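Here is a briefing on one structure.

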Number of protein chains: 2
Amino acid sequence: MTATAPFYLDCDTGIDDALALAYLLAAPAADLVGIGAVSGNVSAAVGARNTLDLLQLAGAADIPVALGAHDPLAGSFGGGAPWVHGENGIGEVSLAASPAPLASESAAEMLVRLARTYPGTLRVLAIGPLTNIAEALRLEPALPSLVHSVTVMGGAALAPGNITPVAEANIWNDPEAAALVLAADWDITLVPLDVTMGSVLEDHHRQELLASSAPVPRALGEMLGYYFRFYEGIYGRPCSAMHDPLAAALAVGAVQAAVAPVVRAAVDTSTGPSRGQTVCDMRGLYAGYPEVRGARCRVVLSLEQDFAPHLVETLLGHFSMVESAGSLVVAPV
Amino acid sequence: MTATAPFYLDCDTGIDDALALAYLLAAPAADLVGIGAVSGNVSAAVGARNTLDLLQLAGAADIPVALGAHDPLAGSFGGGAPWVHGENGIGEVSLAASPAPLASESAAEMLVRLARTYPGTLRVLAIGPLTNIAEALRLEPALPSLVHSVTVMGGAALAPGNITPVAEANIWNDPEAAALVLAADWDITLVPLDVTMGSVLEDHHRQELLASSAPVPRALGEMLGYYFRFYEGIYGRPCSAMHDPLAAALAVGAVQAAVAPVVRAAVDTSTGPSRGQTVCDMRGLYAGYPEVRGARCRVVLSLEQDFAPHLVETLLGHFSMVESAGSLVVAPV
């Protein structure tokens, strides 16, 4: 990607969503033209609130934020993951409230409008449950021919899940929507736990963010304190996986996949023990993943480079030069 | 394991079953006291026939063979895998027909009888679908307290399946039986595709078997010619995975697991895309698999040693000293 490309971000902000949002603002190749919020880590309403406040803090309050689906296509919102992201979704860090209003359209309506505004060039980056994307497909069945590409943080191919033994949170939170999105007539890049769990932000990276004089990296560093405490139970040390920012960096093209076979993939929507699994057909593993005719899902399994240093460098480099519009208040945690 | 222990083998013979059977006859620590046949690679009847003929060829026609279930617990036998094992199950190699009769009891009845005959010491090694073992659990609910251990070749934990993207053949062929066996009140060692697909017999190993003056290794070498042609499509070179013999060697204790976490495991019996999956909870991966209270399923992921040389050496060492009772006829393939 040489020039700047328009991006629609769909998120459930969320600590790693906050990092992905900040990364997209910092990445020179991305022009963030709209954001939709969906229930996942937090409710869609809380996620939208966090997104507005982060944009304000980052001096980017002009980017429109649309409220998306509160409930998944089947069933109702389960309450999020406060033990991972905090009750407020951003690790109990308090941000000044942005005065910017929500968009008057829904997230799905915004995605359809932007796809028509930027035909063939809009990048869709989904880092929450896929409810809004599925609803946009219902609103505009031609959506796949309008957008440039779709990148999804979600699923687990050969790695364990993080909600059940086989289901990852974004897919688990709306398997029916994910099934529709993976079955639609477009190529998808899936950024699953296989690669995000190996992209670890260590404590020294967090300290670099905290040491910044700019409020956005400092706020992200504070949020990561909460996130690290959850992930200490997973990795056995204070650190965290970098799910959503990695999907953003891959979508932007700033980070390259090393192994990323294009395979057939479906989502388990049964009520059995595999509900919410991304059933990726990885059987080509033993022959180096030969090409599969008709396959549409590129599953990123490994990277050409270590991701965390690039993430920290990009955030520090950009936000040290940005005039912040908000003031950071960090509540005791 | 220092002394000889009694083994009940449940199999669907099958080329790699034939290798496992020969290995068990060759292993000094195993006393094979009974064999049950089940439908899988071939029908139970064909598998029993192959087993009898192999025992005859190996000079071990005194070991009783019982016919087991033709159909899985739910549904009916699907016809086996002739493209993997040949129409006759042993790679179109023709063996002299053994005059030995089948046992008058069923495989499940034999297993229950042997468990009572060798209380606390009987090793159960299941290398086919688990129908017979599930039926034995129905016949004798106290079976788990009677047997010493259960080793199952089957499933896929973090590796792809070999029938569907997530289901391995032995479990796929009778998920309902596998679910009962994994839920029973005993510790199970699961030998899944994760480790068997990495235990590869290469062409030079096959040539060593073919060069033997003894009929059993030669017959196995001939069968492997058929098996190699199937696996060439998987690995891209003439070779094969060693599923069943590896499970035998682990059960015997001649080969040691390197990484083998004890985790919770269940079998997907839904009709969704994950039917037949062994849903093993591998979420402890990132912390080196800490102990899981109440877990009963030891999942072998890697070995302390390379398996193929041990297999070939054991077979050649034993059968060069055994008087064969049969004559080998190899049909053109």
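**Sheet and strands**

Strands S1 (residues 5-11) and S2 (residues 30-37) of chain A run parallel and are joined by 7 bridges. The model is predicted: local features need pLDDT of at least 70, side-chain atom pairs count only at pLDDT 80 or more, and totals for chains, interfaces and linings use all residues; side-chain values use heavy atoms, with hydrogens and water left out. Residues are numbered from 1 along each chain as its sequence is written, and chains are lettered from A and ligands numbered from 1 in the order in which they are written.

- Helices (H or I, at least four residues) and strands (E, at least two) are DSSP runs, numbered from the N terminus.
- Two strands pair if DSSP finds at least two bridges between them.
- A:Asp10 has A:Gly36 in S2(A) as its bridge partner.
- In chain A, 8 strands make an open sheet with mixed pairing, ordered S3-S2-S1-S5-S6-S7-S13-S10.
- The edges are strand S3 (65-67) and strand S10 (262-263) of chain A; each has a single partner strand, so one side of each lacks a neighbour in the sheet.
- Helix H5 (residues 131-139) of chain A lies across S1, S2 and strand S5 (123-126) of chain A. H5 of chain A runs at about 115 degrees to S1(A). Axes are lines fitted to C-alpha atoms, for helices over the stretch in contact (heavy atoms within 4.5 Å). Angles run from 0 to 180 degrees between N-to-C directions.

**Helix H13 of chain A**

- Helix H13 (residues 307-319) of chain A has 13 residues. Its first and last C-alpha atoms are 18 Å apart, close to the 18 Å expected at 1.5 Å a residue. The expected span is 1.5 Å times one less than the number of residues.
- Buried residues of H13(A) (under 20% relative accessible area; exposed is over 50%, partly exposed in between; 1.4 Å probe, protein chains only) include A:Phe307, A:Leu311, A:Leu315 and A:Phe319.
- Their cover includes helices H1 (15-26), H10 (203-210), H11 (215-235) and H12 (243-252), plus strand S8 (200-202), of chain A.

**Salt bridges**

- The whole structure holds 16 salt bridges over all chains. Each is a side-chain nitrogen of Lys or Arg within 4 Å of a carboxyl oxygen of Asp or Glu.
- A:Arg275 pairs with A:Glu176, closest N and O atoms 3.0 Å apart. This pair links distant parts of the chain, 99 residues apart: A:Arg275 is in the loop between strands S11 (265-267) and S12 (278-280) of chain A, and A:Glu176 is in helix H8 (residues 175-183) of chain A. A:Glu176 is partly exposed, at 23% relative accessibility.
- B:Arg49 pairs with B:Asp53, closest N and O atoms 2.9 Å apart. The two are 4 residues apart in helix H2 (residues 44-57) of chain B, so about one helical turn separates them. B:Arg49 is partly exposed at 34%, whereas B:Asp53 is buried at 7%.
- B:Arg237 pairs with B:Glu202, closest N and O atoms 2.6 Å apart. B:Arg237 lies in the loop between helix H11 (215-235) and strand S9 (239-241) of chain B, and B:Glu202 in strand S8 (residues 200-202) of chain B, so parts 35 residues apart in sequence are tied together.

**Two copies**
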